[in-house]
Amino acid sequence: MATTRSERQDQPYNPCAGTILRVVEAPRRRMLTRADGQAYWRRRHVSEMKGKRVRPTPAEEIRKSFVNCSKGEAKKLTLPAGLDSQDWAATDFLGWVDPRAVNNAYLVLPRGEEVVGVVLRANNPPSSALRSSTCAFCLTTHMQSDVGLFAAPKAGAAGRRGNTVGTYVCADLACSAYVRRKRRPSAPQPAETIGDDERIARMLVNINQFVAKVLS
Ligand SMILES: [Zn+2]
């Protein structure tokens, strides 16, 4: 498997040197330190994630939620289509690809009562890795062309040095629709005995672990 730039990092993580990241400017605003953020994302379990959804989030709050891009980029990025008519009850997290710049994709996830946004870049998967056809978030099995390789710049100084975290996920980032079987993948799915609620909670745990790496 190809080595990502983040795996080549030689500096151990030092929480004392963590960059303070502003999450949202809301009445219940909290400052998210990198050490605090990692602990939050890593201790999530499936049972805690049951019933969690991203709450209806105004456009301005979405823009302020991104932890791994500049304020300038967050101001200009393309928001998800149909935000005003979003079915929030069926949206565990927001995931979208910018139709004007298809290499740019975004996630916005629930974090307690707040939201956290992560910028992704779509990469061409190396040919040796094309056997991978399962989304790392929702575990939907896809035909190879329907899984995308995305890299998230790490938050803070590590990201500015070019370090990223890579993952293979649904190319359309529509995991919320796949776990509810509202969108059908073209590949046959392995039999599962767990219900939708467990599948959704498992997906959120997987995304949390990805975000923990972005914040590390
Ligand atoms: Zn997925």
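**Starting from Leu139**

Guide: With a relative accessibility of 34%, Leu139 counts as partly exposed. That label sits between two cut-offs: buried means under 20% relative accessible area and exposed means over 50%, using a 1.4 Å probe and protein chains only. Before we go on, this is a predicted model, where local features need pLDDT of at least 70 and side-chain atom pairs count only at pLDDT 80 or more, while totals for chains, interfaces and linings use all residues. Residues are numbered from 1 along each chain as its sequence is written, and side-chain values use heavy atoms, with hydrogens and water left out.

You'll find Leu139 in the loop between strand E5 (114-123) and E6. Those labels are DSSP runs numbered from the N terminus: helices are H or I with at least four residues, strands are E with at least two. Leu139 has a positive phi of about 65 degrees, although it is not a glycine. Most residues other than glycine have a negative phi. Arg181 is another non-glycine with a positive phi, of about 60 degrees. Arg181 sits in the loop between helix H6 (175-179) and H7, and at 39% relative accessibility it counts as partly exposed.

The loop between H6 and H7 also holds Gln189. Gln189 is partly exposed, at 39% relative accessibility. Follow Gln189 and you come to Thr141: the two are 48 residues apart in sequence, but 5.9 Å apart in space, C-alpha to C-alpha. Setting aside residues up to four places away in sequence, Gln189 touches Thr140 and Thr141, where contact means heavy atoms within 4.5 Å.

Now for the metal. The zinc ion is coordinated by the SG atoms of Cys135, Cys138, Cys170 and Cys175, at 2.2 to 2.3 Å. Donors here are N, O and S atoms within 2.8 Å of the metal (3.2 Å for Na, K and Ca), and sites may look incomplete since water is not among the atoms. Along the chain, the zinc donors follow the spacing C-x2-C-x31-C-x4-C. Cys135 and Cys138 are both buried. Why is the arrangement called tetrahedral? Because the four donor atoms subtend angles of 102 to 115 degrees around the zinc ion. The rule for four donors is that all angles lie between 85 and 135 degrees; four count as square planar and six as octahedral if opposite donors are over 155 degrees apart and all others between 65 and 115, and anything else is irregular. For comparison, the ideal angle for four tetrahedral donors is 109.5 degrees.

Strand E7 (residues 164-170) is mostly covered, with six of its seven residues buried. Strand E6 (residues 147-153) runs antiparallel to E7, and seven bridges join them; two strands pair if DSSP finds at least two bridges between them. Along this pairing, Pro153 stands opposite Thr164, and Gly148 stands opposite Val169.

In E6, seven of seven residues are buried. Val147, Leu149, Ala151 and Pro153 point one way, while Gly148, Phe150 and Ala152 point the other way. In a regular strand the side chains alternate between the two faces of the sheet.

Zoom out, and five strands make an open sheet in the order E3-E4-E5-E6-E7, with antiparallel pairing. Strand E3 (94-97) and E7 stand at the edges with a single partner strand each, so one side of each has no neighbour in the sheet. From one strand to the next, the twist averages 30 degrees. E5 and E6 pair over three bridges; among the bridge partners, Arg121 goes with Ala151 and Asn123 with Leu149.

Helix H7 packs on this sheet, touching strand E4 (104-111), E5, E6 and E7, and its direction makes about 160 degrees with that of E7. (Axes are lines fitted to C-alpha atoms, for helices over the stretch in contact, and angles run from 0 to 180 degrees between N-to-C directions.) H7 (residues 196-215) has 20 residues and should span 28 Å at 1.5 Å a residue, which agrees with the 29 Å between its end C-alpha atoms. The expected span is 1.5 Å times one less than the number of residues. Of those 20 residues, 15 are buried, so H7 is largely enclosed by the rest of the structure.
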